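Subject: Handover of the structure

Hello,

Here is the structure we talked about handing over. Please have it open while you read; my notes follow below.

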Amino acid sequence: MKCTSDHHITTSLPSVVTFPPPAKFKPQVATTNRSVALLLDAGFGVLRVRIHGRGGQGIKTSGRVLASALFGEGFAVQDAPHFGAERRGAPVVASIRADRSFVRERGRIEHPDAVAWADETLLGALRRKTPLSTSAALRLDPDAFVVVVVAGVDPVPAPVRMKAPEESPEHAFEQASEQASEQASDQTPGQCSREALGRSTGLLSGRGPARTMAATLGVDEARIRILMLPPELHAGIACAVALARLCGVVRWETLLGAIDVELSEAGVGEAARVVAHRTASFAWDALSPDAGVLHSLADPGPSPRRAGIDTRSPDLGGKRWVSVERDDVSVAAPRILASRTSRHNPTGGWGTKHPVLRPERCRRCWWICTVACPDSAISLGGHGMPTIDQTHCKGCMICATQCPNQALVAVDDFASAEGAEGVQGVQGVQGVQRLRGIEREGHV
Amino acid sequence: MSAGRGAVTPRPHLMASGTSMCPGCGGLQVVKQIYEHLGRDVVFVNAAGCLTLLAPYPTTPFQSSWIYTSMASAPAGAQGLVDAIEVLRSKGRISGRRRIHVVVLTGDGAANGIGLSSTSGALDRRLDFYYLCYDNEGYGNTGHQTSPATPEGARTSTDALGPGCSQPKKDLFSIWAAHEPSYLATVIGAEPQDLARKVERARGCQGPKMFIALAPCPTGWGFDPKDAGRIGHLAVSTGVWALRERVDGKTVHTKIPRPRRLVEDYLRAQKRFQHLFSPVRRDDVIQRIQARITDAWEDWFRGQPTRPRA
Amino acid sequence: MIAGSEGSQRSQRSERRLLTGNQAAAWGARLGGVDYVPAFPITPQTEIIEALAAWFDDGSLMGRLTMFESEHSMMTAAGTAAAAGARTFTATSSQGLLYSLEMMYAVAGWRVPFVMVNVSRGLASPITLESDHNDVLAARDTGFLQIHCATAQEVLDAVLIAFRWSEDRRVRLPVIVNQDGFSLSFTREPVDIPNEDAVRAFLPTRGDLDETLSGPSPQSLGVAVLDGSTYSYFRYQMERAAQGALPVLLDIEKEFESMTGRRFLPIDEYRMHDAEMAIVVVGSLGTQAMVAVDEMRAEGVRVGLVRPRVLRPFPRNALALTLGRMRGVAVVDQDLSPGFGGILHGEIAAALYARPEPRPSLTSYIGGLGGRFVSVTEFKRIVDETVVASITGHVPPPRLLFTDEEARSIRMLQQIADDAPQYELGAPFASGLEGDRA
């Protein structure tokens, strides 16, 4: 499957999707040339896609939306969410397969046709080469299609983006807050201007991020789409819609129906449904140039994958079975002998906000924030002021609300680089470097 | 919460970062605090619950021992450990220098239900141990279903529609108190000074030392993690969570909110109670919840020789 | 009764007494120098913990017995105490074993050593007190190793061997020593009690304290794993340790023989050297089967008895070797898996299938459920049927050992239970006792 030669995917497409003027939630009829009639032809491959996100982002529901939409178009589908025992904020993946007949293959999709990421920071978080993350598992086939949703792209400059915080950080903070509230009041999601977005997502504009992602994921840069989603739109739904659009076999009304059904099953209210519809409209339009690039479902040609077996790994994929022999009981039991090994989990990748210290406000009480932090991510530094372990801070921000002097402020991870570095210059917190980790790591 | 230095002193965190608990977990917050007060000579005996995932192979946040048992029998596991250590010590096969604190960790589901029998057994036998119930008022690890500790009116994933949980929260404090443990207290991570003082007092007691910690749960209760501290303070200031201590058969309140805020302030802050306010305000339920809290406090005041001052 | 007049040096150092199976189990724990006994009463096991409690009280034993509020708690404490380095012994039966089953899987996975005596008793429903093996066989997949005893002597011997076996670091799994309720638990037999000093040399105190929770370094035990690969590895380590436990047992058995003069091989073979037919049975029915074998030998039937002492690890190769050369093998299961039949029969069939053809005709009998008596005559009839099967090649379907007399009796009970005069007193079952053979 994948793109056949007759399809007009070219490398000249911009790697950043600049979305068209908002469609104002008007239901649209599918404009794809992949007519449903075509799908009824014999000879389909299996469509395999994954949606990645974090616990709490509604990834499971998003997978269900996509599966329902495909089901609504007459396909046999399989949607399987997979989440570890971790909690909200930890990585979640939904696997969706579709075929004309019952999908028999199961388990993790090793070679997806397309992958959507509901949160681009996950790429950085998962890529860290620790013994606990399988960075190799991030690798995709070169011809896989990738959609990365950058959620909550706020047209309003975040406080940390103010210039020269080291000169007058307090003033800058207040000014930024005022500015933020003014702008927030007269702008609604979906109406943010390109200029505003360009300002707030400077790091992601241009080809740099796509190139870095391409290197990370092992895919062709031309197959990466970065979808910058205004605030309040739903990143998970955007993933589902984007993938549905890429498939080219889901009609707009089917998609909306699937959203309504699945959100209703998930027990969410009318407001969330409206947000989901807005999101769908936004993502549907944004991905319109790519409609139907994944057309395995409509591919009438002979396909070795028609049998429902992923023939790209028919054997052990270069691996071999080994004999598990008896080990000494000191290692053969589920027993941990080392201490404090949880430090190997870089839970700093979970959140999208992190605290930074404004030292001139810190009264050196030396205990409130360090005790309040559930994750032991704040400890006492040399001058009686807290230091924050950004590698592990999950971004709950209890510290910021508990500090009586507001000496800890929340920094949005989508803040611009110069702003973040400005704050970092003030207090020397390394972890803020994590911001825009994707591109930074690309430079390393 | 005053910013005095009291019993809370700065020290390097015993517990490491990087656990898989939710951001803003009230249970983790209280375990971290108690661990730092007890020091590293502890063995945790864990029952199935959210905190089971504190130590998934090969990671642990502790520099102390930990053993996972089952949902029902963590106190029995503690009994076996304490017995074995005492026997081996009496036989001179291990040195007797260090005092090992055996600490049972269970959620409210285990403490109030499936594990109540083994808890009662350990209390009967006057086991010398600590028991921490982190009470997030639901079966949190499985997605927050109604547990015996779920309060009246709260929505959970098994009381997702309609009026929410129909019965009031089980009175675990009184059930435990009836066993007359050596030490019994309620705590909350948002009141670290109170917690520190209680752990210090418990250290001086031989026998069962029981703690019930209200553990505000952003995931299950529906609030922004950053508000975990605020929710905790509201629980105390509205009188929902009475900070108490029971030693030698006498229960005292360690923090009496005066005046008590209306419970409405606490309920409003959480998504699990939103249906009490919109689309239609359920004054009947809110009043019932308020009355139960007011009655409990008035009952306690009446039992005092002199009415405590605010 | 105290004897000890046999000539050998070994028996001079030992003491011969009349003990019930339960007392023999308690003596095994006592001689083993047990540190800790978590306990909960259940018939027909309770005598064991009563005896041990008395010995802790009078100072014969140093250590502690703690009464728990359930077998589930008892099993948890056994596991944690063993994890803390105490030599731990416990005992249960039937419903109690099942109540603790969750923790049996858990503690076996901790890879901690201790010994539990199970006194087999049929499971509810209907609830009963007498023996069959469904209780202990429900635990066959837990990771506990299993020794099955035919005499009170074997119970005592098995407890001592089980401690050595369980604590061996090549094994490090808990062990069940199984004996039958009533027919062993409450039955007195002569038992040779080995000399305490000799046992101490055979079974020194646990040497692994530094590796336990009592040791100098902290450890996290029984932790969760988050993926199938890690889970597979740890579970398969249990399989490797359990399979590897058979050669370890042979090593231990040699030492045990030099101490006591008694063998303790994984399978007990009786008159098998020139046998063409074999009975397979587990537990105390084995001695009854021996009587039948002797009588049939006297009549010229070349029959023998194979009694697996160890069911986990399953001595597959030894069984296949011994039984594979038979013309007929009759398996008498004192257990029943509804919808499958005899559990042991299935396992023996699996062992034999590894052998090349011709394989013996394998017949299946269910006998002794809930302590139902199996007579010598019935064993002989079983062998007769198996001989016919081996000649004709026609293997009869499994049979429940149940006579017309029992059928009449059940009809009487039903008549009373239902107050139903339509049951003709003493009438056999309508379909006839041979109905399932059609």
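Some ground rules. This is a predicted model, in which local features need pLDDT of at least 70 and side-chain atom pairs count only at pLDDT 80 or more, while totals for chains, interfaces and linings use all residues; side-chain values use heavy atoms, with hydrogens and water left out. Residues are numbered from 1 along each chain as its sequence is written, with chains lettered from A and ligands numbered from 1 in the order in which they are written.

**Chain B against chain A**

The contact (heavy atoms within 4.5 Å) takes 50 residues from chain B and 40 residues from chain A. The two chains bury about 3600 Å² between them. Buried area is the accessible area (1.4 Å probe) that two parts lose on being put together, summed over both. Carbon and sulfur atoms carry 60% of it. On the chain B side, H13(B), S17(B) and P23(B) lose the most area to chain A. Together they make up 16% of what that side buries.

Polar contacts do occur here: the rule finds 22 residue pairs, both residues at pLDDT 80 or more. A polar contact is a pair of N or O atoms within 3.5 Å; within protein, one must be able to donate a hydrogen and the other to accept it, and residues adjacent in sequence count only if both atoms are side-chain atoms.

Four elements of chain B give two or more residues to the side that touches chain A: α1 (26-38), α6 (192-203), α7 (218-222) and α8 (228-237). Helices (H or I, at least four residues) and strands (E, at least two) are DSSP runs, numbered from the N terminus. The residues of this side divide into 25 nonpolar, 19 polar and six charged.

**Chain C against chain A**

Here 21 residues of chain C are in contact with 18 residues of chain A. The pair buries about 1800 Å², 52% of it on carbon and sulfur atoms. The rule finds two salt bridges across this interface. One of them joins E325(A) to R240(C), with the closest N and O atoms 3.5 Å apart. There are also 13 residue pairs in polar contact, both at pLDDT 80 or more.

Which elements of chain C give two or more residues to the side that touches chain A? They are α6 (101-110), β9 (220-221) and α10 (228-243). α10(C) gives the most, with six residues. This side of chain C divides into nine nonpolar, six polar and six charged residues.

β9(C) also pairs with a strand of chain A. Its partner is β8 (residues 335-336) of chain A, in the antiparallel sense over two bridges. Two strands pair if DSSP finds at least two bridges between them. R335(A) has L221(C) as its bridge partner in β9(C).

**Inside chain B**

Look at strand β3 (residues 101-107) of chain B. Seven of its seven residues are buried, that is, under 20% relative accessible area, where over 50% is exposed and in between is partly exposed (1.4 Å probe, protein chains only). H101(B), V103(B), L105(B) and G107(B) cover one side. V102(B), V104(B) and T106(B) lie on the other.

β3(B) has strand partners too. Strand β1 (residues 42-46) of chain B runs parallel to β3(B), joined by five bridges. F44(B) has V103(B) as its bridge partner. Strand β4 (residues 129-135) of chain B also pairs with β3(B) in the parallel sense, over five bridges.

**Chains C and A overall**

Chain C has 16 helices and 16 strands, and 58% of its 438 residues count as buried. One open sheet of six strands in chain C has the order β10-β12-β11-β14-β15-β16, with mixed pairing. Its edge strands are β10 (267-270) and β16 (399-400).

Chain A comes to 14 helices and 12 strands. Of its 444 residues, 56% count as buried.

Best wishes

How values were computed: Ala, Val, Leu, Ile, Met, Phe, Trp, Tyr, Cys and Pro count as nonpolar, Asp, Glu, Lys and Arg as charged, and the others, Gly among them, as polar. A salt bridge is a side-chain nitrogen of Lys or Arg within 4 Å of a carboxyl oxygen of Asp or Glu.
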